[in-house]
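Got a model open and wondering where its labels come from? Let's go through some together.

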Amino acid sequence: MQVTLKIFRYNPEDGRKKHYDTFTLDADPTDRILDLLEQIKGSEDGTLGFRRACAHGVCGSDAIRINGVNRLACKVLVQDLKSRKVTIEPILGLPIEKDLIINMEPFFDHYRSVMPYFVNDDPPPSKERLQSPEDRERFDDTTKCILCAACSTSCPSYWVNEEYVGPAAIVNAHRFIFDNRDQAASERLEILNEQFGVYRCHTIFNCTDACPRDIQVTQAIGEVKKAIVNGRLD
Amino acid sequence: MALSRKVGLIAGAKYKGGGPMLSWVLHRISGLGIIIFVTLHVIASFLTQQLGSDLGIFVNTIYESIYFQLFIVFCAIFHGVNGFRIILLDIWPRLIRYQKESTWIEWFVIVPLYGLIVFIMIQRFLQG
């Protein structure tokens, strides 16, 4: 089958304004969008810029907008799309460096701001820090985050507010806040209780739909909101 | 130089967030509709009662027109029911898994309620 890809182009070095280029390719229904981008870069236009690494939905480097919604290019098959005309654009809300490549640094700044690491000042036990399956289940969903930024860059609150930490940062804070081995939950809740913390979330649900790992992002944000209001983690 | 991170209204509106994003947009529009209605009402009352101005009567005719009334009734019902749904999801975050179902329930409440009110309003409007 033939597939037409309309791809967003921007190169700060060639002096041209942002525009779209169109490519028509032969594709199999089981080809991924990433395969088509590779095909274009390999045989049609070597200057096309996009990120990829593992190509199996684990590294999270190829988040782009496919027909208007955030997806991983390596997880969307041609047969998954309703139309044979596909529009490919960079994700919104982060500076565009070149074509589909965006600057992730503002995203990682927000991520780092919520202390996304394990804190426990007690002397380590001789073996591992044990945890019951029930306690682990409490934050299991949010351990799946691969930091692809699909959720944060699908959020209208994140688009308009550079200070808002965004869904991904809250998801990663949730992963440690509800870990009963961690001792810095109150500090993280204090950070997220700030003006540009969880209360910028208006339950729009774009983040949950965009997450390639099916994390219940809005639910995680809701649980953090509730923990802040109640002052306890139940 | 990298392109700015700013997302314009048109670019944002093109994001295909589906039903939940539409609910959020409608919540904002209905909120604005209610603000416009209340503002016009206050201005009309002030102009008519305090200044005795004919301009107040003109403003009255705007927000008392059948089209504006139909719009504002939708705004009030949607804003109220959708707001109630969001409050419930905020109180019980575990229900957020069922947000699609909650949206369907919301429309099952809004459509008949609004339909009934529209029927009564149009019937009275036609009766003069």
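This is a predicted model: local features need pLDDT of at least 70, side-chain atom pairs count only at pLDDT 80 or more; totals for chains, interfaces and linings use all residues.

Q: Why does Arg28(B) count as exposed?
A: Count its neighbours. Arg28(B) has 12 C-beta neighbours inside 10 Å, so it counts as exposed. You'll find Arg28(B) in helix H2 (residues 19-50) of chain B.

Q: What makes H5(B) lie largely in the open?
A: Being buried takes 20 or more other C-beta atoms within 10 Å. Of the 29 residues of H5(B), the number buried is one, so the helix lies largely in the open.

Q: How do you know that the span of helix H5 (residues 99-127) of chain B is close to the one expected?
A: The expected span is 1.5 Å times one less than the number of residues. For the 29 residues of this helix that gives 42 Å, and from first C-alpha to last the helix reaches 42 Å, close to what was expected. After H5(B) comes Gly128(B), with a positive phi near 80°.

Q: Why is the largest nonpolar core said to lie between domain 1 (2-102) and domain 2 (105-230) of chain A?
A: Look at who contributes. Both domains of chain A give residues to this core, so it lies between them. The core has 65 residues, and those with the most contacts inside it are Ala149(A), Ala168(A), Ile170(A) and Val224(A). Helix H5 (residues 166-177) of chain A gives the most, with seven residues. In soluble globular proteins, nonpolar side chains tend to be buried together.

Q: Which residues does Ala149(A) touch, not counting residues up to four places away in sequence?
A: Touching takes C-beta atoms within 7 Å. On that basis Ala149(A) touches Ala63(A), Ile91(A), Leu94(A), Met104(A), Phe107(A) and Ala168(A).

Q: Which element gives the largest share of the side of chain A that touches chain B?
A: First, the contact itself: 30 residues come from chain A and 24 residues from chain B. On chain A's side, H8(A) gives the largest share, six residues. That side of chain A divides into 13 nonpolar, 11 polar and six charged residues.

Q: How many of the residues in chain A are buried?
A: Using the cut-off of 20 or more neighbours, buried residues make up 44% of the 234 in chain A. The secondary structure of chain A comes to eight helices and seven strands.

Technical notes: Residues are numbered from 1 along each chain as its sequence is written. Chains are lettered from A and ligands numbered from 1 in the order in which they are written. Two residues are in contact if their C-beta atoms, placed from the backbone, lie within 7 Å. Helices (H or I, at least four residues) and strands (E, at least two) are DSSP runs, numbered from the N terminus. Ala, Val, Leu, Ile, Met, Phe, Trp, Tyr, Cys and Pro count as nonpolar, Asp, Glu, Lys and Arg as charged, and the others, Gly among them, as polar. A nonpolar core is a set of buried Ala, Val, Leu, Ile, Met, Phe, Trp, Tyr and Cys residues joined through C-beta atoms within 7 Å. Domain bounds come from an automatic or database domain assignment.
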